[in-house]
Amino acid sequence: MISCLSLSSYSFCEKIALKKYRRCVKRGCIKRPQVVSGAKKDGFGLRVFVLSDLHTDYPENMAWVRSLSTKRHEKDVLLVAGDVAEMYDNFILTMSLLKERFEYVFFVPGNHDLWCRWETEDFDSLEKLNKLLDACKQLGVETNPAVIDGLGIIPLFSWYHESFDREDDVGVRIPSLDMVFYFI
């Protein structure tokens, strides 16, 4: 299935922004680039994937998770960076499916994971957090730091709101990732 963006569905400002991609446009459709494997040619090397905002309470998102290969990623690591599902049962199903597809799955909760508005049980967000962490433990999903093939993975449980920032801006320029990390 090829995913594309129709230019006719975008506002005037978005069309201007897409001008730089005009050479990639054929008959009003921009094709998403394919993900290139990070594994070495000899088949050795750790591959790490990151997902967030799965929102599998939506059937089409759950269908996407179900469509992931059960063989292609069986030796890979997956970092799930929150917002898996609002409903506990959907969270359990999603994490079970991901654990069947990846050797290692790490999870940190997002705000939607802790919402309780559609839950049938009566519990608050902190109780739900503990329930999610217990479920992860039973499923074999990591929520604690671990080292895999020499790579340290440290899930951080933290939340941010701009009201927490009480310091004045000091005009420090933060370099782009290209300048900070050396990609192999």
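**View A. Phe-91 and its buried setting in a predicted model.** Phe-91 has a relative accessible area of 1%, so Phe-91 is buried (buried means under 20% relative accessible area, exposed over 50%, partly exposed in between; 1.4 Å probe, protein chains only). Phe-107 counts as buried at 1% relative accessibility. The model is predicted: local features need pLDDT of at least 70, side-chain atom pairs count only at pLDDT 80 or more, and totals for chains, interfaces and linings use all residues. Residues are numbered from 1 along each chain as its sequence is written, and side-chain values use heavy atoms, with hydrogens and water left out.

**View B. The aromatic pair of Phe-49 and Phe-102.** The structure holds 2 aromatic pairs (rings of Phe, Tyr and Trp, the last by its six-membered ring, pair if their centres lie within 6.5 Å; planes under 30 degrees apart count as stacked, over 60 as edge-to-face and the rest as tilted). The ring centres of Phe-49 and Phe-102 are 6.1 Å apart and the planes lie at 65°, so this pair is edge-to-face. Phe-49 is in strand β4 (residues 48-51) and Phe-102 in the loop between α3 (88-101) and β6 (104-108), so the pair links distant parts of the chain, 53 residues apart (helices, H or I of at least four residues, and strands, E of at least two, are DSSP runs numbered from the N terminus). Phe-102 counts as buried at 5% relative accessibility, while Phe-49 counts as partly exposed at 25%.

**View C. The aromatic pair of Phe-91 and Phe-107.** With ring centres 5.0 Å apart and planes at 65°, Phe-91 and Phe-107 form an edge-to-face pair. Phe-91 lies in helix α3 and Phe-107 in strand β6, so the pair ties together parts that are 16 residues apart in sequence.

**View D. Helices α3 and α5.** The axes of α3 and helix α5 (residues 125-139) come within 10 Å and cross at roughly 25° (axes are lines fitted to C-alpha atoms, for helices over the stretch in contact, and angles run from 0 to 180 degrees between N-to-C directions). This makes α3 roughly parallel to α5 (angles under 35 degrees count as roughly parallel, over 145 as roughly antiparallel, 65 to 115 as roughly perpendicular and the rest as oblique).
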